[in-house]
Amino acid sequence: MLGAESCARFVDGSELVQRWFPRAERLTVPGAGHLLMVQNPTASARGLKDFFSHHLIGHLGPLEVS
C-alpha cells in the first residue's frame, strides 16, 4: 500500500520492494501520503479487505466480509 501523495523516499521504497517481489500486489491509496490509513481510512480498509478476501490463510470456509 502506498499513498498517492507519498514523498519520493516512500515511492522509491515501494518500487524497490516491487523489484524484489515482482508478484507482489500493489495498492495506491488516493488522497493520502505516508499516513494513508488516517488520511483515507475507507480506501485503505477496502484495499486490505479485497486483498485478504483473495488470499485466505488458514481459512476453511467462505470468507464473509461486509
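Author: A contact means that heavy atoms lie within 4.5 Å. By that rule Ser6 touches Val11, Ala32, Gly33 and His34, leaving aside residues up to four places away in sequence. This is a predicted model, in which local features need pLDDT of at least 70 and side-chain atom pairs count only at pLDDT 80 or more, while totals for chains, interfaces and linings use all residues. Residues are numbered from 1 along each chain as its sequence is written, and side-chain values use heavy atoms, with hydrogens and water left out.

Reader: What does the protein average in pLDDT?

Author: pLDDT is the predictor's confidence in each residue, from 0 to 100. The protein averages 88, and 88% of the residues score at least 70. Where pLDDT is low, the predicted coordinates should not be read in detail.

Reader: How many helices and strands does the protein have?

Author: Helices (H or I, at least four residues) and strands (E, at least two) are DSSP runs, numbered from the N terminus. Here there are three helices and two strands, and along the sequence they follow the pattern β-α-β-α-α.

Reader: Where does Ser6 lie, and is Ser6 buried or exposed?

Author: Ser6 sits in the loop between β1 (2-3) and α1. Buried means under 20% relative accessible area, exposed over 50%, and partly exposed in between (1.4 Å probe, protein chains only). Ser6 has 13% relative accessibility, so Ser6 counts as buried. The side chain of Ser6 also reaches the backbone oxygen of Gly3 at 2.9 Å.

Reader: Why does Ser14 count as buried?

Author: Its relative accessibility is 17%, and therefore Ser14 counts as buried. Ser14 belongs to helix α1 (residues 8-20). Not counting residues up to four places away in sequence, Ser14 touches Leu2 and Arg26. For the protein as a whole, 18% of the 66 residues count as buried.

Reader: Which residues make the nonpolar surface patch?

Author: Patches are made of residues with over 30% relative accessible area and no salt bridge; like charges are joined within 9 Å, and nonpolar side chains (Val, Leu, Ile, Met, Phe, Trp, Tyr) within 5 Å. In this model Met1, Met37, Leu48, Phe51 and Phe52 make a nonpolar patch of about 460 Å². Helix α3 (residues 41-54) gives the most to this patch, with three residues. Met37 lies in helix α2 (residues 36-39), and Met37 counts as exposed because its relative accessibility is 51%.

Reader: Which side chains meet in a salt bridge?

Author: A salt bridge is a side-chain nitrogen of Lys or Arg within 4 Å of a carboxyl oxygen of Asp or Glu. The structure holds one, where the side chains of Lys49 and Asp50 meet at 3.9 Å, N to O. Lys49 counts as partly exposed because its relative accessibility is 34%. Asp50, at 36%, therefore also counts as partly exposed.

Technical notes
Areas by Shrake-Rupley, 256 points an atom, 1.4 Å probe, with all protein chains shown as cover. Polar contact = N/O pair within 3.5 Å; in protein donor to acceptor, adjacent residues only side chain to side chain.
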